Amino acid sequence: MDALVPDTLRPEDHDPDVTLITSSAPISVPTHGGRAKCLQRLVRLDLPVPRTVALSFDTVHRIAQGDLPDISAILSRFAEGALLCVRHSSEDMDWGGPGSVLNIGMNDATYVALCDEIGKEAASALYQRFVMAFAIHVARLDPDVFEDIGCVGQEGLSAALKAYEEEAEEPFPQCAERQLAEVLRSMARAWEGTTARLLRQARGAPVDAGLGLIVQEMALGLGIGECGSGVLQLVDSDTGLSQVTGRYLSQSQGREALHGTASLYLARDPRGPSLEELEPAAFQELKEYAAFMRQKLRAEMQIEFTIENGQVHILDGVRVKRSSRAALRIAVRLAEDGIISRQEAVMRVEPHALTELLHRQVAPEAQRDFIGRGVAASPGAATGRIVFSSNEAQASAARGEPCVLVRRETSPEDVRGMHCSAAVLTERGGMTSHAAVIGRGIGLPCVVGAVRMGFRHDDKVLLAEDGRRFREGDIITVDGSAGQVLAGAPKMIEAALDDVFHVFMSWADAERDIGVRANADTPQDAATARNFMAQGIGLCRTEHMFFEEDRITPMREMIFADSPKDREAALARLLPMQRKDFTELFRIMEGMPVCIRLFDPPLHEFLPNDRAGLRALAEAVDRPVSEVTRRVASMGEYNPMLGMRGVRLGIAVPEIYDMQARAIFEATLDASRIGAPVVPEIMLPLVSACREVELVRNRIDAVASAVRNERGRDFDYSLGVMVETPRACLRADEIAQHAHFLSFGTNDLTQMTYGLSRDDAGRFMSHYVQQGVFPEDPFHRLDAEGVGELIRIGVERGRRANGGVMLSVCGEHGGNPESIAFCRSAGIDYVSCSPFRVPVARLAAAQLAIRDKIS
């Protein structure tokens, strides 16, 4: 494998600003970019790389300001008369850069010489391509003038040269030094232009990202004998499976093979001719190079190559572009082949990328007919017909028709409709709004806060941002990963969880040092949590269980009861239903911890607000509609999220918590008959004073004693507090003395710390983030400075008062990788998040632990 870079070097060849790429040249990614560094690695492997000079970020920046390097010195490092190409080399190749310019140095004299070497047709094609590329991308002449040239060969070349002279009002430049200077200046200025800056920022690049350029001697790809260009890789970019993929095109340059209709397959293929058949020696050589690069560079690489009269030249080598599922499979295969360690394999997959494996996604190549955007609240994509109510969603599901539930905002009453929908779209809300939390919990694609769209529920019309009207029954697609709403049904790719995924996650679990549980409200959620290897349930919200059709009526009767005895009678009808729910949860989790939060929301959420619902309620409770209407109105609160809810309701209407505690304890005994003993965790919501815990704990202990006596069997349970008020954090030392665990509910804690409604924050949050008020939506990524300080205070004071207290975070922040980093540093024992975010949390926790070991 003899490299084409000669061994004889001059002192100036190791100038860090303009340097010949050799094995010892001072080149690094932060100073010269990823392409330059990769080419140096190929040179070190003694691969056939054409001679190449790298220009540093600083040099390119100076070029953009008008300060050119010594162009003649650059040209002197190449053979006299050699044709050159210039390519960009950014720090991260995903940030993009200006297009490559090939065949620099082509002029009338070179054309005459090449006619003798490779023939007039090939020489004319090279010259014409360069003239057109220079005219359009460097001289910035009207592209239509050149793209309309339909002839080729000498006639096409003459037409291109004539068009250039007419448009530029000067002959085509013949001096190679001027050509190279103009190309470098054009590419440098393009990188620093406003449009390019905005584009790369959208891809995650910093504002001041630098650009390097490489000047490389051309391997022509045109001429006598077998000549051409192509790309080759050893894996499929979508699946990660082993497969020689790419294309080759005879008499071509650059990446033309990927777009040419006459391109050949690489390996033998029944669909058409291949390079393996045309030039078997070159094909075998390329495969060996790719395998060698995989072994030595420890990554799957894509080779850009040129064949010149049968001889292979490697022009570039970049890491294979890959989908999330391919990235995971590639990492596992590299580890299994002993090329990288398991730890490194775990570090090579972004935690957020796992969501693409867990949900259907819009195919990358699909056409997107964009009609609106909002907050990407729950990942995945789904297509369905528009419906505007939960009842319509249930009817659509009964007909077997996928639907998208469109609401101003959702409430607990919509949960059944959400379960029947393929996706949810709301006008209001943010990352922790009702629709977002439930959507993530059940794996339902969801976009919330689509305030630029028009939601006309009375007319059953959805207005797109561009003014188009979509009526009930029209088909739309919700992309909850991108926060976009699309018209029609674009092509989808399905979720893919296979053995490779489970192997990879087992490696991650072996590294992490913080527990991961799931927030699960139903048996279906619990089953999903088990499938994703959650270590228990960290939050079971019981209120959603009461909205089922057979439960809402006794629940409303309980609310309207005039005495404790009447309330107990209504709750007695709910007791067996709750017991059944909890028994099923315990059996699914098979002895794993299950933390059940007692009833939390204000009671008025369970009451109807429309005339038909009020009439049905009046009939159920045997009271006049007028009295029911007045009673419902009287139960409204000015600020219900800060009103009579949570533990306050448990103290004011203790029969509710009594019933729930009994259901939990009876289910504990029922589920423990088969399998491991169940030790339920009972959590009190919205606590702010230790006396609240004392009062409720006394009643729960009494219920436990009663159940033990009635059943003649003993059981254990633990009681803890959901810390979601700032005061609870500050008084954690007092509260912890009466609790087995403290679980920080960061959704409400963030809301109360900021004085910010999580359901309304979406209206302005993007403006706040854009203007730097907040670095990120605090409902999406935990505010480590403000909310985090309260959590740290709660952790320190809680542990000081009760050294054995278990500490956790059960808000949706528990599934956010950046927030998990804070939780580890604060001394949290485990995080809990929606079931579909459990794998993300497991991987993020593992990567944090590995980084700590490395550092």
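## Exercises on aromatic rings

Phenylalanine 134 and tyrosine 164 are both buried. Keep these two residues in mind as you work through the exercises, and remember that the model is predicted.

**Exercise 1.** Find out how many aromatic pairs there are, then classify the pair of phenylalanine 134 and tyrosine 164.

*Solution.* Start with the rule: rings of Phe, Tyr and Trp pair if their centres lie within 6.5 Å. By this rule there are 18 aromatic pairs. In the pair of phenylalanine 134 and tyrosine 164, the centres are 6.3 Å apart and the planes make an angle of 50 degrees. Planes under 30 degrees apart would be stacked and planes over 60 edge-to-face, so this pair is tilted.

**Exercise 2.** Work out which parts of the chain this pair ties together.

**Exercise 3.** Classify the pair of phenylalanine 546 and phenylalanine 606, and give its distance and angle.

*Solution.* The centres are 6.5 Å apart, with 80 degrees between the planes, and the pair is edge-to-face. Next, look at where the rings lie. Phenylalanine 546 is in the loop between strand S24 (537-541) and helix H21 (549-560), while phenylalanine 606 is in the loop between strand S25 (594-597) and helix H23 (611-621). The pair thus ties together parts that are 60 residues apart in sequence.

**Exercise 4.** Decide whether phenylalanine 546 and phenylalanine 606 are buried or exposed.

*Solution.* The cut-off for buried is under 20% relative accessible area. Phenylalanine 546 has 1%, so this residue is buried. Phenylalanine 606 has 0% and is buried too.

**Exercise 5.** Name the residues that form one aromatic cluster with Phe134 and Tyr164.

*Solution.* Besides Phe134 and Tyr164, the cluster holds Tyr111, Tyr127, Phe130 and Phe172.

**Exercise 6.** Which rings have arginine 200 and arginine 631 over them?

*Solution.* Take the arginines in turn. Arginine 200 lies over the face of tryptophan 191, 3.9 Å from the ring centre. Arginine 631 has its charged end over the ring of phenylalanine 560, at 4.9 Å from the centre.

How values were computed
Residues numbered from 1 in each chain as written. Predicted model: local features only at pLDDT ≥ 70, side-chain atom pairs only at ≥ 80, totals over all residues. Heavy atoms only, no water. Phe/Tyr/Trp six-rings, centres within 6.5 Å; stacked < 30°, edge-to-face > 60°. Helix = DSSP H or I, 4+ residues; strand = E, 2+ residues; numbered from the N terminus. Buried < 20%, exposed > 50% of the residue type's maximum accessible area, 1.4 Å probe, protein only. Lys NZ or Arg CZ within 6 Å of the ring centre and 35° of its normal.
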